[in-house]
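Subject: Structure handover

Hi,

Here is the structure I promised to pass on. Please open it next to this email and follow along.

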Amino acid sequence: MSFLWNLAFFVLAIAIIVPIHEFGHFIVARLCGVRVLRFSVGFGRPIFSWRKRPETTEWVLSAIPLGGYVKMLDEREAPVPAELLNEAFNRQSVGRRIAIVAAGPIANLILAVLIYWILLVAGVVEPRALLGVPAPETAAARAGFAEADQVLAVDRTPVASWVDFHWVLLKAVMGRHDLNVTVMDRDGRRHERMLNTDAVRFDSEKDDPVRQLGIVLYRPAVIGKLAPDGAAMKAGIQEGDRVVSIDGRPISNWNDLSAAVSAAPEREIELVVERNARRIVFHLTPRSVMEDGKQVGRIGVGGADTPEWREKMLIEVRHPPVQAVGLAVKQMRDMVGLSLQMMGRMLTGEVSAKNIGGPVAIAKASGGAAHMGIEPYLGFLAFISISIGILNLLPIPLLDGGHIMYYFLELLMRRPLSERSMEIGQQVGLALLAMLMAFAFFNDITRLFS
(Lines give C-alpha, C1' and ligand atoms only; values in the text may rest on other atoms or scores of the structure.)
Protein backbone atom coordinates (compact mmCIF):
# COMPACT_ATOMS: atom_id res chain seq x y z
CA MET A 1 0.00 0.00 0.00
CA SER A 2 2.85 2.41 0.81
CA PHE A 3 4.31 1.70 -2.65
CA LEU A 4 1.05 2.68 -4.35
CA TRP A 5 0.74 5.76 -2.12
CA ASN A 6 4.27 6.90 -2.98
CA LEU A 7 3.74 6.20 -6.67
CA ALA A 8 0.45 8.12 -6.77
CA PHE A 9 1.91 11.28 -5.25
CA PHE A 10 5.07 11.00 -7.36
CA VAL A 11 2.95 10.87 -10.52
CA LEU A 12 0.86 13.79 -9.25
CA ALA A 13 4.01 15.86 -8.65
CA ILE A 14 5.37 15.17 -12.14
CA ALA A 15 1.93 15.77 -13.68
CA ILE A 16 1.90 19.26 -12.12
CA ILE A 17 5.52 20.35 -12.47
CA VAL A 18 6.40 19.23 -16.00
CA PRO A 19 3.34 20.77 -17.74
CA ILE A 20 4.14 24.06 -15.95
CA HIS A 21 7.66 23.80 -17.38
CA GLU A 22 6.29 23.20 -20.87
CA PHE A 23 3.76 26.01 -20.48
CA GLY A 24 6.70 28.35 -19.91
CA HIS A 25 8.09 27.35 -23.32
CA PHE A 26 4.62 27.66 -24.86
CA ILE A 27 3.70 31.12 -23.60
CA VAL A 28 7.05 32.73 -24.54
CA ALA A 29 7.02 31.00 -27.94
CA ARG A 30 3.59 32.52 -28.65
CA LEU A 31 4.76 35.94 -27.43
CA CYS A 32 7.69 35.66 -29.86
CA GLY A 33 5.38 34.80 -32.75
CA VAL A 34 6.32 31.11 -33.00
CA ARG A 35 3.56 28.72 -34.02
CA VAL A 36 3.04 25.91 -31.49
CA LEU A 37 1.64 22.82 -33.21
CA ARG A 38 0.96 20.69 -30.14
CA PHE A 39 0.95 21.01 -26.34
CA SER A 40 0.83 17.54 -24.78
CA VAL A 41 0.34 16.71 -21.13
CA GLY A 42 1.95 13.30 -20.83
CA PHE A 43 3.59 11.05 -23.41
CA GLY A 44 2.50 8.15 -25.57
CA ARG A 45 -0.84 7.59 -27.26
CA PRO A 46 -3.20 10.60 -27.13
CA ILE A 47 -6.40 9.81 -25.24
CA PHE A 48 -7.96 13.24 -25.71
CA SER A 49 -7.22 16.17 -28.04
CA TRP A 50 -8.79 19.53 -28.81
CA ARG A 51 -8.07 22.26 -31.32
CA LYS A 52 -10.07 25.48 -31.72
CA ARG A 53 -9.13 25.98 -35.39
CA PRO A 54 -6.90 24.03 -37.82
CA GLU A 55 -4.14 26.66 -37.60
CA THR A 56 -4.10 26.83 -33.77
CA THR A 57 -2.38 24.68 -31.15
CA GLU A 58 -3.59 21.12 -30.62
CA TRP A 59 -4.07 20.44 -26.89
CA VAL A 60 -3.46 16.78 -26.04
CA LEU A 61 -3.81 14.57 -22.99
CA SER A 62 -1.63 11.49 -23.46
CA ALA A 63 -1.70 8.05 -21.85
CA ILE A 64 1.55 8.24 -19.81
CA PRO A 65 1.23 11.12 -17.30
CA LEU A 66 4.98 11.40 -16.61
CA GLY A 67 5.82 14.64 -18.35
CA GLY A 68 4.77 16.42 -21.49
CA TYR A 69 6.11 18.35 -24.44
CA VAL A 70 5.60 21.34 -26.72
CA LYS A 71 5.99 20.84 -30.48
CA MET A 72 6.78 24.01 -32.43
CA LEU A 73 6.89 24.73 -36.13
CA ASP A 74 10.51 24.03 -37.12
CA GLU A 75 12.20 23.39 -40.48
CA ARG A 76 14.57 20.89 -38.85
CA GLU A 77 11.64 18.57 -38.13
CA ALA A 78 9.44 18.97 -41.22
CA PRO A 79 9.14 21.17 -44.33
CA VAL A 80 7.51 24.54 -43.58
CA PRO A 81 5.42 26.42 -46.18
CA ALA A 82 7.03 29.66 -47.32
CA GLU A 83 4.22 31.80 -45.93
CA LEU A 84 4.81 30.35 -42.44
CA LEU A 85 8.61 30.62 -42.28
CA ASN A 86 8.42 33.71 -40.06
CA GLU A 87 6.55 31.57 -37.48
CA ALA A 88 9.16 28.77 -37.42
CA PHE A 89 11.29 28.42 -34.30
CA ASN A 90 14.55 28.01 -36.20
CA ARG A 91 13.97 31.30 -38.07
CA GLN A 92 13.80 33.35 -34.87
CA SER A 93 16.65 35.54 -33.65
CA VAL A 94 19.14 33.99 -31.22
CA GLY A 95 17.78 36.16 -28.41
CA ARG A 96 14.23 34.92 -28.97
CA ARG A 97 15.33 31.29 -29.12
CA ILE A 98 17.24 31.70 -25.85
CA ALA A 99 14.15 33.30 -24.25
CA ILE A 100 11.85 30.48 -25.43
CA VAL A 101 14.18 27.73 -24.21
CA ALA A 102 14.96 29.43 -20.87
CA ALA A 103 11.25 30.03 -20.21
CA GLY A 104 10.66 26.41 -19.14
CA PRO A 105 13.12 26.36 -16.21
CA ILE A 106 12.10 29.91 -15.29
CA ALA A 107 8.46 28.74 -15.12
CA ASN A 108 9.57 26.09 -12.60
CA LEU A 109 11.19 28.75 -10.43
CA ILE A 110 8.08 30.95 -10.67
CA LEU A 111 5.92 27.99 -9.63
CA ALA A 112 8.12 27.53 -6.54
CA VAL A 113 7.75 31.22 -5.66
CA LEU A 114 3.96 30.94 -6.04
CA ILE A 115 3.83 27.87 -3.76
CA TYR A 116 6.02 29.53 -1.13
CA TRP A 117 3.85 32.67 -1.31
CA ILE A 118 0.67 30.61 -0.76
CA LEU A 119 2.20 28.88 2.26
CA LEU A 120 3.49 32.15 3.72
CA VAL A 121 0.13 33.91 3.34
CA ALA A 122 -2.09 30.99 4.36
CA GLY A 123 0.08 30.32 7.38
CA VAL A 124 1.70 27.08 8.44
CA VAL A 125 1.87 25.46 11.86
CA GLU A 126 5.48 24.65 12.64
CA PRO A 127 7.40 23.45 15.70
CA ARG A 128 8.92 26.18 17.83
CA ALA A 129 12.71 26.36 17.74
CA LEU A 130 13.05 24.40 20.98
CA LEU A 131 16.15 22.24 21.31
CA GLY A 132 16.51 18.77 22.71
CA VAL A 133 19.52 17.42 24.55
CA PRO A 134 22.54 17.58 22.18
CA ALA A 135 24.43 14.34 21.63
CA PRO A 136 27.75 14.17 23.50
CA GLU A 137 30.91 15.33 21.72
CA THR A 138 28.96 17.30 19.11
CA ALA A 139 29.36 20.97 18.21
CA ALA A 140 26.08 21.79 19.98
CA ALA A 141 27.21 20.06 23.19
CA ARG A 142 30.53 21.90 23.13
CA ALA A 143 28.71 25.21 22.55
CA GLY A 144 26.69 24.67 25.72
CA PHE A 145 23.18 24.11 24.33
CA ALA A 146 20.81 22.49 26.79
CA GLU A 147 17.43 20.77 26.74
CA ALA A 148 14.46 23.13 26.17
CA ASP A 149 16.65 26.03 24.99
CA GLN A 150 14.51 28.19 22.69
CA VAL A 151 16.33 29.76 19.74
CA LEU A 152 15.49 33.44 19.48
CA ALA A 153 17.94 34.68 16.84
CA VAL A 154 20.91 33.67 14.72
CA ASP A 155 23.56 36.33 14.06
CA ARG A 156 21.06 38.88 15.42
CA THR A 157 18.38 37.84 12.88
CA PRO A 158 15.14 36.69 14.60
CA VAL A 159 14.15 33.03 14.19
CA ALA A 160 10.41 32.31 13.96
CA SER A 161 10.34 28.49 14.09
CA TRP A 162 12.30 25.26 13.98
CA VAL A 163 12.00 25.26 10.16
CA ASP A 164 13.64 28.71 10.02
CA PHE A 165 16.46 27.58 12.32
CA HIS A 166 16.98 24.33 10.39
CA TRP A 167 17.29 26.27 7.13
CA VAL A 168 19.79 28.74 8.64
CA LEU A 169 21.89 25.82 9.88
CA LEU A 170 21.94 24.16 6.44
CA LYS A 171 23.15 27.39 4.82
CA ALA A 172 25.81 27.80 7.51
CA VAL A 173 27.06 24.24 6.96
CA MET A 174 27.34 24.84 3.21
CA GLY A 175 29.07 28.18 3.78
CA ARG A 176 31.25 26.74 6.55
CA HIS A 177 30.91 29.65 8.91
CA ASP A 178 30.20 29.76 12.64
CA LEU A 179 26.90 31.01 14.02
CA ASN A 180 26.14 33.21 16.98
CA VAL A 181 22.90 31.73 18.34
CA THR A 182 20.80 33.58 20.91
CA VAL A 183 18.75 31.24 23.10
CA MET A 184 16.49 31.48 26.11
CA ASP A 185 16.78 28.65 28.62
CA ARG A 186 13.90 27.03 30.49
CA ASP A 187 14.34 29.57 33.31
CA GLY A 188 13.91 32.53 30.95
CA ARG A 189 17.58 33.60 30.87
CA ARG A 190 19.23 34.61 27.59
CA HIS A 191 22.55 33.19 26.40
CA GLU A 192 24.82 33.60 23.37
CA ARG A 193 26.13 30.31 21.94
CA MET A 194 28.85 30.05 19.26
CA LEU A 195 28.14 27.06 17.03
CA ASN A 196 31.00 25.70 14.91
CA THR A 197 29.96 23.93 11.67
CA ASP A 198 33.34 22.78 10.30
CA ALA A 199 33.06 19.05 11.07
CA VAL A 200 29.79 18.41 9.23
CA ARG A 201 29.68 16.44 5.98
CA PHE A 202 26.76 15.87 3.62
CA ASP A 203 26.63 12.10 3.28
CA SER A 204 23.56 9.89 2.81
CA GLU A 205 25.16 7.26 5.07
CA LYS A 206 25.43 9.72 7.98
CA ASP A 207 22.86 11.67 9.96
CA ASP A 208 21.54 14.79 8.29
CA PRO A 209 23.90 17.77 8.75
CA VAL A 210 21.81 19.37 11.49
CA ARG A 211 21.83 16.19 13.60
CA GLN A 212 25.59 15.90 13.04
CA LEU A 213 25.88 19.28 14.76
CA GLY A 214 24.00 17.79 17.73
CA ILE A 215 20.95 19.98 17.11
CA VAL A 216 17.69 18.10 17.63
CA LEU A 217 14.12 19.25 18.05
CA TYR A 218 12.85 19.24 21.63
CA ARG A 219 10.23 16.54 21.78
CA PRO A 220 10.32 14.86 25.18
CA ALA A 221 9.56 11.15 25.28
CA VAL A 222 6.19 11.68 27.01
CA ILE A 223 3.55 9.07 26.27
CA GLY A 224 0.32 10.31 24.70
CA LYS A 225 -2.29 8.01 23.21
CA LEU A 226 -1.96 4.27 23.72
CA ALA A 227 -3.26 1.64 21.29
CA PRO A 228 -5.76 -0.68 23.09
CA ASP A 229 -3.98 -3.81 21.86
CA GLY A 230 -0.43 -2.42 22.12
CA ALA A 231 2.35 -3.86 24.24
CA ALA A 232 2.64 -0.60 26.20
CA MET A 233 -0.97 -0.57 27.43
CA LYS A 234 -0.84 -4.29 28.26
CA ALA A 235 2.31 -3.71 30.33
CA GLY A 236 0.65 -0.91 32.36
CA ILE A 237 2.25 2.17 30.83
CA GLN A 238 -0.01 5.24 31.15
CA GLU A 239 -0.56 8.50 29.29
CA GLY A 240 1.75 11.17 30.68
CA ASP A 241 4.56 8.76 31.56
CA ARG A 242 7.98 10.06 30.54
CA VAL A 243 10.36 7.41 29.23
CA VAL A 244 13.74 7.66 30.95
CA SER A 245 15.67 4.70 29.53
CA ILE A 246 15.39 1.54 27.42
CA ASP A 247 17.70 -1.37 28.24
CA GLY A 248 19.78 0.98 30.37
CA ARG A 249 20.30 3.46 27.54
CA PRO A 250 19.13 7.00 28.43
CA ILE A 251 16.21 8.32 26.40
CA SER A 252 16.16 12.11 26.09
CA ASN A 253 13.64 12.67 23.30
CA TRP A 254 10.99 11.00 21.18
CA ASN A 255 13.45 10.18 18.39
CA ASP A 256 15.57 8.14 20.82
CA LEU A 257 12.48 6.28 22.01
CA SER A 258 11.29 5.53 18.50
CA ALA A 259 14.74 4.35 17.37
CA ALA A 260 15.23 2.07 20.40
CA VAL A 261 11.81 0.45 20.03
CA SER A 262 12.13 0.10 16.25
CA ALA A 263 15.43 -1.76 16.69
CA ALA A 264 13.88 -4.43 18.94
CA PRO A 265 11.11 -6.27 17.05
CA GLU A 266 9.94 -9.36 18.98
CA ARG A 267 12.69 -8.85 21.59
CA GLU A 268 11.93 -8.10 25.22
CA ILE A 269 13.09 -4.68 26.38
CA GLU A 270 13.37 -3.03 29.79
CA LEU A 271 11.63 0.34 29.69
CA VAL A 272 11.89 2.78 32.61
CA VAL A 273 9.39 5.63 32.95
CA GLU A 274 9.03 8.54 35.33
CA ARG A 275 5.55 8.97 36.85
CA ASN A 276 4.69 11.37 39.65
CA ALA A 277 8.37 11.89 40.53
CA ARG A 278 9.11 8.16 40.85
CA ARG A 279 10.55 5.65 38.42
CA ILE A 280 8.81 2.46 37.32
CA VAL A 281 10.36 -0.42 35.37
CA PHE A 282 8.40 -2.32 32.70
CA HIS A 283 9.33 -5.35 30.62
CA LEU A 284 7.57 -5.63 27.26
CA THR A 285 8.10 -7.03 23.78
CA PRO A 286 7.61 -4.75 20.75
CA ARG A 287 5.41 -6.23 18.04
CA SER A 288 7.17 -6.73 14.69
CA VAL A 289 5.71 -4.86 11.70
CA MET A 290 6.98 -4.39 8.14
CA GLU A 291 7.86 -0.80 7.14
CA ASP A 292 9.75 0.15 3.98
CA GLY A 293 10.89 -3.43 3.54
CA LYS A 294 12.24 -3.79 7.09
CA GLN A 295 10.98 -5.46 10.27
CA VAL A 296 10.64 -2.82 13.01
CA GLY A 297 9.32 -2.88 16.56
CA ARG A 298 6.15 -1.11 17.72
CA ILE A 299 4.66 -0.89 21.24
CA GLY A 300 1.49 1.07 20.41
CA VAL A 301 2.21 4.55 21.75
CA GLY A 302 1.95 8.06 20.36
CA GLY A 303 3.50 11.30 21.52
CA ALA A 304 1.75 13.75 23.81
CA ASP A 305 -0.70 15.94 21.87
CA THR A 306 -2.77 17.87 24.40
CA PRO A 307 -3.84 21.51 23.84
CA GLU A 308 -1.26 22.57 26.43
CA TRP A 309 1.45 20.62 24.62
CA ARG A 310 0.51 22.11 21.23
CA GLU A 311 0.57 25.65 22.64
CA LYS A 312 4.01 25.05 24.10
CA MET A 313 5.53 23.24 21.12
CA LEU A 314 3.88 24.74 18.01
CA ILE A 315 3.59 28.18 16.44
CA GLU A 316 1.66 29.46 13.41
CA VAL A 317 3.84 31.37 10.96
CA ARG A 318 1.89 33.76 8.71
CA HIS A 319 2.86 36.86 6.67
CA PRO A 320 0.95 39.70 4.95
CA PRO A 321 0.50 39.13 1.17
CA VAL A 322 2.81 41.94 0.01
CA GLN A 323 5.60 41.06 2.44
CA ALA A 324 5.22 37.40 1.49
CA VAL A 325 6.21 38.12 -2.13
CA GLY A 326 9.73 39.17 -1.17
CA LEU A 327 10.04 36.33 1.33
CA ALA A 328 8.91 33.77 -1.27
CA VAL A 329 11.44 35.06 -3.82
CA LYS A 330 14.17 34.94 -1.16
CA GLN A 331 13.20 31.39 -0.19
CA MET A 332 13.40 30.28 -3.83
CA ARG A 333 16.72 32.08 -4.32
CA ASP A 334 18.18 30.51 -1.17
CA MET A 335 17.09 27.05 -2.33
CA VAL A 336 18.69 27.60 -5.74
CA GLY A 337 21.90 28.76 -4.07
CA LEU A 338 22.00 25.77 -1.74
CA SER A 339 21.35 23.35 -4.62
CA LEU A 340 24.14 24.86 -6.73
CA GLN A 341 26.53 24.70 -3.77
CA MET A 342 25.65 21.03 -3.29
CA MET A 343 26.32 20.31 -6.98
CA GLY A 344 29.64 22.14 -6.84
CA ARG A 345 30.77 20.24 -3.77
CA MET A 346 29.74 16.92 -5.32
CA LEU A 347 32.03 17.72 -8.26
CA THR A 348 34.93 18.48 -5.90
CA GLY A 349 34.22 15.45 -3.71
CA GLU A 350 33.38 17.51 -0.61
CA VAL A 351 29.80 16.18 -0.68
CA SER A 352 29.14 12.48 -1.23
CA ALA A 353 27.58 11.64 -4.60
CA LYS A 354 25.50 9.06 -2.71
CA ASN A 355 23.15 11.95 -1.95
CA ILE A 356 21.92 11.81 -5.57
CA GLY A 357 18.49 10.19 -5.65
CA GLY A 358 16.49 8.77 -8.52
CA PRO A 359 12.79 8.17 -9.10
CA VAL A 360 12.50 5.74 -6.17
CA ALA A 361 13.93 8.28 -3.71
CA ILE A 362 11.75 11.06 -5.13
CA ALA A 363 8.64 8.86 -4.98
CA LYS A 364 9.36 7.92 -1.37
CA ALA A 365 9.88 11.57 -0.46
CA SER A 366 6.66 12.61 -2.20
CA GLY A 367 4.66 9.93 -0.37
CA GLY A 368 6.23 10.89 2.95
CA ALA A 369 5.44 14.57 2.40
CA ALA A 370 1.85 13.73 1.45
CA HIS A 371 1.46 11.65 4.62
CA MET A 372 2.37 14.73 6.68
CA GLY A 373 -0.29 16.90 5.02
CA ILE A 374 -0.98 19.38 2.27
CA GLU A 375 1.55 21.98 3.49
CA PRO A 376 4.58 19.63 3.50
CA TYR A 377 3.50 18.24 0.11
CA LEU A 378 3.30 21.74 -1.38
CA GLY A 379 6.75 22.46 0.02
CA PHE A 380 7.98 19.24 -1.61
CA LEU A 381 6.46 20.35 -4.94
CA ALA A 382 8.31 23.67 -4.69
CA PHE A 383 11.59 21.88 -3.99
CA ILE A 384 11.18 19.45 -6.91
CA SER A 385 10.12 22.28 -9.22
CA ILE A 386 13.31 24.19 -8.33
CA SER A 387 15.40 21.05 -8.83
CA ILE A 388 13.92 20.42 -12.28
CA GLY A 389 14.47 24.07 -13.21
CA ILE A 390 18.13 23.97 -12.14
CA LEU A 391 18.76 20.58 -13.79
CA ASN A 392 17.35 21.82 -17.10
CA LEU A 393 19.60 24.89 -17.04
CA LEU A 394 22.79 22.81 -16.83
CA PRO A 395 24.89 23.21 -20.02
CA ILE A 396 24.34 19.61 -21.10
CA PRO A 397 23.15 18.89 -24.66
CA LEU A 398 19.57 17.52 -24.76
CA LEU A 399 18.65 19.76 -21.81
CA ASP A 400 17.43 23.34 -22.13
CA GLY A 401 20.77 24.57 -20.83
CA GLY A 402 22.55 22.69 -23.61
CA HIS A 403 20.45 24.44 -26.26
CA ILE A 404 21.14 27.80 -24.61
CA MET A 405 24.85 26.95 -24.72
CA TYR A 406 24.55 26.29 -28.47
CA TYR A 407 22.83 29.64 -29.01
CA PHE A 408 25.49 31.56 -27.09
CA LEU A 409 28.15 29.83 -29.19
CA GLU A 410 26.21 30.91 -32.26
CA LEU A 411 26.35 34.49 -31.02
CA LEU A 412 30.12 34.27 -30.49
CA MET A 413 30.82 32.54 -33.81
CA ARG A 414 28.28 34.65 -35.72
CA ARG A 415 26.95 31.49 -37.34
CA PRO A 416 25.01 28.39 -36.23
CA LEU A 417 26.93 25.29 -35.18
CA SER A 418 27.30 22.61 -37.84
CA GLU A 419 24.90 19.70 -37.87
CA ARG A 420 27.81 17.35 -37.13
CA SER A 421 28.87 19.34 -34.04
CA MET A 422 25.31 19.31 -32.73
CA GLU A 423 25.00 15.55 -33.35
CA ILE A 424 28.19 14.90 -31.37
CA GLY A 425 26.91 17.18 -28.60
CA GLN A 426 23.61 15.29 -28.47
CA GLN A 427 25.44 11.98 -28.17
CA VAL A 428 27.65 13.30 -25.37
CA GLY A 429 24.61 14.75 -23.60
CA LEU A 430 22.72 11.48 -23.92
CA ALA A 431 25.68 9.57 -22.48
CA LEU A 432 26.03 11.99 -19.55
CA LEU A 433 22.31 11.82 -18.73
CA ALA A 434 22.30 8.02 -19.04
CA MET A 435 25.24 7.78 -16.61
CA LEU A 436 23.54 10.19 -14.19
CA MET A 437 20.28 8.21 -14.28
CA ALA A 438 22.12 4.91 -13.88
CA PHE A 439 23.99 6.27 -10.86
CA ALA A 440 20.75 7.63 -9.34
CA PHE A 441 19.05 4.24 -9.84
CA PHE A 442 22.06 2.51 -8.28
CA ASN A 443 21.79 4.77 -5.23
CA ASP A 444 18.05 4.06 -5.02
CA ILE A 445 18.59 0.31 -5.13
CA THR A 446 21.44 0.51 -2.61
CA ARG A 447 19.20 2.42 -0.18
CA LEU A 448 16.39 -0.10 -0.63
CA PHE A 449 18.55 -3.10 0.24
CA SER A 450 20.95 -1.54 2.75
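Start where helix 2 meets helix 11. On the helix 2 side, the contact residues are Pro105, Asn108, Leu109, Leu111, Ala112, Ile115, Tyr116 and Leu119. On the helix 11 side they include Glu375, Leu378, Phe383, Ile386 and Leu393. Sorted by class, this contact has 14 nonpolar, five polar and one charged residues. Keep in mind that this is a predicted model.

Next, look at how the two helices lie. Helix 2 spans residues 94–122, and helix 11 spans residues 374–393. Their axes are 8 Å apart, and the packing angle is about 160°. Helix 2 is therefore roughly antiparallel to helix 11, since an angle over 145 degrees counts as such. The crossing of the two helices is left-handed.

Now turn to the strands. Strand 4 covers residues 150–154. Which strands does strand 4 pair with? One is strand 6, residues 179–184. That pairing is antiparallel and runs over four bridges. Look for glutamine 150 there: its bridge partner in strand 6 is methionine 184.

Another is strand 5, residues 157–158. This pairing is antiparallel too, over two bridges. Here alanine 153 stands opposite proline 158 of strand 5. Strand 4 and strand 5 make a hairpin, with two residues between them. Check aspartate 155 in the turn: its phi is positive, at about 50°.

Best wishes

Technical notes: Residues are numbered from 1 along each chain as its sequence is written. This is a predicted model: local features need pLDDT of at least 70, side-chain atom pairs count only at pLDDT 80 or more; totals for chains, interfaces and linings use all residues. Side-chain values use heavy atoms; hydrogens and water are left out. Axes are lines fitted to C-alpha atoms, for helices over the stretch in contact, and angles run from 0 to 180 degrees between N-to-C directions. Angles under 35 degrees count as roughly parallel, over 145 as roughly antiparallel, 65 to 115 as roughly perpendicular and the rest as oblique. A crossing is left-handed if the near helix is turned anticlockwise from the far one by less than a right angle, and right-handed if clockwise. Contact means heavy atoms within 4.5 Å. Ala, Val, Leu, Ile, Met, Phe, Trp, Tyr, Cys and Pro count as nonpolar, Asp, Glu, Lys and Arg as charged, and the others, Gly among them, as polar. Two strands pair if DSSP finds at least two bridges between them.
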